[in-house]
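Subject: Structure for you, with notes

Hi,

Here is the structure I promised to send over.

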Amino acid sequence: MTLELVSEARLFDGLQRTYRHHSTATGTPMRVAAYLPPQAEHGPVPVLWFLAGLTCTETNFIEKAGAQRVAAELGLALLAPDTSPRGDGVPDDPAWDFGQGAGFYLDATQAPWATNFRMRSYIEDELPGLVFDALPLDRDRQAISGHSMGGHGALTVALRNPGRFRSVSALAPIVSPLHCPWGEKALGGYLGADRTAWRRYDACALIADGARVPEILVDQGLADNFLERELKPHLLEAACRDAGIALTLHLRPGYDHSYFFIASVIESHLRWHAARLGAGQRPGPEKG
């Protein structure tokens with residue numbers, strides 16, 4: 001399997017690319033966006049994975065977050081995969097919060113979803129193997145972040161893979177799918193009725209069961225319509241406090257769940273990750 005280049009554009013002296021490939025995990029074509037900063041022309045650079053939320057594709061983050069300018073300065077690559085398998089023959093649901101566009105970064109076990117909806121295997125195993133073989137990325141300097149459903153994905157992927165990521169953050173994440181309607185619908189539909197099987201896909205449950213990361217950064221808008229019903233950051237706050245995990249939780253008055261919120265806080269997340277990845281600033285012109 002190889003990455004096929006779909007598009008490329010020059011951006012802040014780096015390259016914004018979109019790739020596609022056939023996935024053995026999902027059995028479908030998949031797409032991933034990659035921003036390579038100018039420093040990548042000289043060797044492998046650290047990388048931030050960004051997992052998007054419900055209804056999103058690989059395009060939302062790269063087109064709406066405005067992250068590339070700061071990533072170019074810091075020498076930080078950005079990887080944004082799609083959120084689910086898609087295409088003819090892939091099962092779907094008429095609701096926007098289940099099925100295509102709503103993969104929840106898990107491996108489904110229930111029919112008809114189990115054949116294609118294997119986003120955990122795709123994100124944790126298959127896609128890293130492809131991108132690190134093909135692109136100038138530093139495998140030893142990885143970070144992960146995400147928004148909403150993707151924030152859930154970032155937290156759970158990091159907690160299940162201790163030591164792989166030097167840092168993890170999230171923006172308005174679903175922190176406990178076991179305790180919100182989005183999560184109960186998705187985990188019940190993909191995994192079945194046994195709630196013990198859900199725990200590996202719930203950040204708060206993983207922490208309660210012993211999973212650890214050194215620290216977590218979370219930003220949450222207080223005008224977010226989903227705050228009380230779906231997101232519930234206080235549950236993550238309690239889980240981290242009980243486990244001794246350092247959680248920095250920024251509650252932002254007036255901000256909603258949209259990419260306007262993400263664009264407003266993404267620079268602080270990039271700089272926070274860069275400090276933990278040892279990412280350097282973009283070199284200036286030589287002085288004669």
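Let's start with P112, which sits in the loop between β5 and α3; helices (H or I, at least four residues) and strands (E, at least two) are DSSP runs, numbered from the N terminus. The peptide bond leading from A111 into P112 is cis, with omega near -5 degrees.

Some housekeeping before going on. This is a predicted model, so local features need pLDDT of at least 70 and side-chain atom pairs count only at pLDDT 80 or more, while totals for chains, interfaces and linings use all residues. Residues are numbered from 1 along each chain as its sequence is written, and side-chain values use heavy atoms, with hydrogens and water left out.

On confidence: pLDDT is the predictor's confidence in each residue, from 0 to 100. The protein averages 96, and 97% of the residues score at least 70.

Most residues other than glycine have a negative phi, and most peptide bonds are trans. F104 counts as buried because its relative accessibility is 0% (buried means under 20% relative accessible area, exposed over 50%, partly exposed in between, with a 1.4 Å probe and protein chains only).

F12 has a positive phi too, near 50 degrees. You'll find F12 in the loop between β1 (4–11) and β2 (14–22), and at a relative accessible area of 42% it is partly exposed.

What does the side chain of D97 join in a polar contact? The partner is the side chain of K185, at 2.7 Å (a polar contact is a pair of N or O atoms within 3.5 Å; within protein, one must be able to donate a hydrogen and the other to accept it, and residues adjacent in sequence count only if both atoms are side-chain atoms). Leaving aside neighbours within four places in sequence, D97 touches L54, A102, F104, W182 and K185.

Next, helix α4, residues 149–160. Its 12 residues should span 16 Å at 1.5 Å a residue, and the end C-alpha atoms are 16 Å apart, which agrees; the expected span is 1.5 Å times one less than the number of residues. Of the 12 residues of α4, 12 are buried, so the helix is largely enclosed by the rest of the structure. Among them are H152 and R160.

L36 is in strand β3 (residues 29–36) and is buried, at 7% relative accessibility. L36 and L135 are 99 residues apart in sequence but 8.7 Å apart in space, C-alpha to C-alpha. Setting aside neighbours within four places in sequence, the contacts of L36 include G14, A77 and L137.

Over to you!

Key. Contact means heavy atoms within 4.5 Å.
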